[in-house]
Amino acid sequence: MSQTAVALARCIHCLSETDSPELDHVFPKSWYPDTTPKTVQRWTAPSCPKCNRAFGQLEHDLFLRMIFCVDSKSDAAAGLAAKALRTMGLDAEGLSDEEKRRREATLKKIRSELVRTEELEDKPGKIPGLGPPEGVESPRSILIPYAGLSLMAEKIVRGCEYRINNRFVEPPYTVCTFIANAEVVFPEAMVTGVKSIDFGPGCQIKRIFAAETPKVVRYWITIWGALRFSVLIDLHEELEKAKHLYKRPEGIEPPDKPTMRIRPYLREYKD
Ligand SMILES: [Zn+2]
């Protein structure tokens with residue numbers, strides 16, 4: 001009898017070792033628009049099965065809500081709204097009865113979460129970049145938990161750090177996400193390294209750091225040409241000190257109806 005050594009790998013998210021690592025797509029596989037060139041490298045990074053499943057669900061839940069808040073005719077989101085409609089059983093053919101029921105339930109759930117836009121007027125919490133194009137009225141809106149977006153941005157950054165530097169972002173370093181309002185403006189004075197990461201029209205990333213502090217990194221991520229994140233990796237205490245400098249979106253109280261929930265697992269391991 002021979003013994004086979006089990007290859008252990010570390011999960012980039014929860015940082016634990018797993019003997020059954022899975023490949024997690026750094027930018028979610030289903031979020032790539034149809035316009036993505038074949039030459040784009042769809043990076044993956046090691047994940048434990050539990051994190052991979054939890055993030056997979058989060059990606060799916062966010063996708064169905066966010067994709068109708070971006071310009072579906074743009075190159076950056078080409079084909080994605082149609083894909084989301086099929087996921088909800090619309091324009092989808094040849095489905096089994098069970099699959100039909102599953103998709104109808106998804107559609108019903110999304111519909112139940114819609115709120116009249118006028119109910120939200122004058123309330124804080126609108127996420128910059130999401131919503132109908134300028135001048136277009138949309139009678140319905142949907143609530144998206146900011147924590148879900150923040151988890152996604154952090155996931156992408158952890159994946160990029162792993163792919164670029166084989167790095168696991170771990171204490172005393174941590175990750176903090178902000179929603180960026182505008183195009184990237186580099187604080188040029190201190191920047192020595194700028195890298196562009198190209199996942200095609202659906203996701204563009206810039207990574208910068210200063211030579212004397214290579215572990216302190218700043219990312220800008222643009223998703224579907226609309227949603228912009230600024231993500232910092234720094235010492236935990238430095239991020240705590242700098243928090244007041246960065247505006248985080250104010251949330252609104254969920255109205256008296258169902259909204260998207262984030263799986264407890266993702267919240268638990270983050271806390
Ligand atoms: Zn994990």
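Q: How many helices and how many strands does the protein have?
A: This is a predicted model. Seven helices and eleven strands are assigned in the protein.

Q: What share of the 271 residues of the protein counts as buried?
A: Of the 271 residues, 27% count as buried. The cut-off for that word is 20 or more other C-beta atoms within 10 Å of the residue's own.

Q: Why is Ala 147 called partly exposed?
A: Ala 147, a residue of helix 5, has 15 C-beta neighbours inside 10 Å. A residue is buried at 20 or more and exposed at 12 or fewer. The value of 15 therefore makes Ala 147 partly exposed.

Q: Why is Asp 91 called exposed?
A: Asp 91 has 9 C-beta neighbours inside 10 Å. The limit for an exposed residue is 12 or fewer, so Asp 91 counts as exposed. Asp 91 belongs to the loop between helix 2 and helix 3.

Q: What makes Asp 122 count as exposed?
A: Asp 122 has 5 C-beta neighbours inside 10 Å. Because the limit is 12 or fewer, Asp 122 counts as exposed. The residue is found in the loop between helix 4 and strand 6.

Q: Which peptide bond is called cis, and what is its omega?
A: The bond from Pro 171 to Pro 172 is cis, with omega near 10 degrees. Most peptide bonds are trans. Pro 172 is located in the loop between helix 5 and strand 7.

Q: How do you know that the span of helix 1 is close to the expected one?
A: Helix 1 has 18 residues, and 25 Å separate its first C-alpha from its last. At 1.5 Å a residue, 26 Å is expected, and the span found is close to that value. Among the buried residues of helix 1 are Cys 51, Phe 55, Glu 59 and Asp 61.

Q: Which residues touch the most other members of the largest nonpolar core?
A: This core has 48 residues, and Ala 153, Ile 156, Val 157 and Ile 221 touch the most other members. Several elements supply at least two residues each, including helix 1, helix 2, strand 9 and strand 10. Helix 5 gives the most, with eight residues. In soluble globular proteins, nonpolar side chains tend to be buried together.

Q: Which residues does Ile 221 touch, not counting residues up to four places away in sequence?
A: Ile 221 touches Ala 153, Ile 156, Cys 203, Ile 205, Phe 229 and Val 231. One of these, Ile 205, is also the bridge partner of Ile 221.

Q: How do you know that strand 9 and strand 10 pair?
A: Two strands pair if there are at least two bridges between them. Eight bridges join strand 9 to strand 10, so these strands meet the criterion, and they run antiparallel. The hairpin between the two strands passes through two residues.

Q: What makes strand 10 and strand 11 a pair?
A: Seven bridges join them, and at least two are required, so the strands pair. Their direction is antiparallel. Ile 223 stands opposite Leu 227. Three residues lie between the strands in this hairpin, and Trp 224 in the turn has a positive phi of about 55 degrees.

Q: Why are strand 7 and strand 8 called edge strands?
A: The open sheet of five strands has the order 7-11-10-9-8, with antiparallel pairing. Strand 7 and strand 8 are the edge strands: each pairs on one side only. Neighbouring strands of the sheet are turned by 20 degrees against each other on average, direction ignored.

Q: Which strands does helix 5 lie across?
A: Helix 5 lies across strand 7, strand 8, strand 9, strand 10 and strand 11. The helix runs at about 130 degrees to strand 7.

Note on methods: Residues numbered from 1 in each chain as written. Predicted model: local features only at pLDDT ≥ 70, side-chain atom pairs only at ≥ 80, totals over all residues. Core = buried A, V, L, I, M, F, W, Y, C linked by C-beta atoms within 7 Å. Helix = DSSP H or I, 4+ residues; strand = E, 2+ residues; numbered from the N terminus. Contact = placed C-beta atoms within 7 Å. Expected span 1.5 Å × (residues − 1). Axes fitted to C-alpha atoms, helices over the stretch in contact; angles between N-to-C directions.
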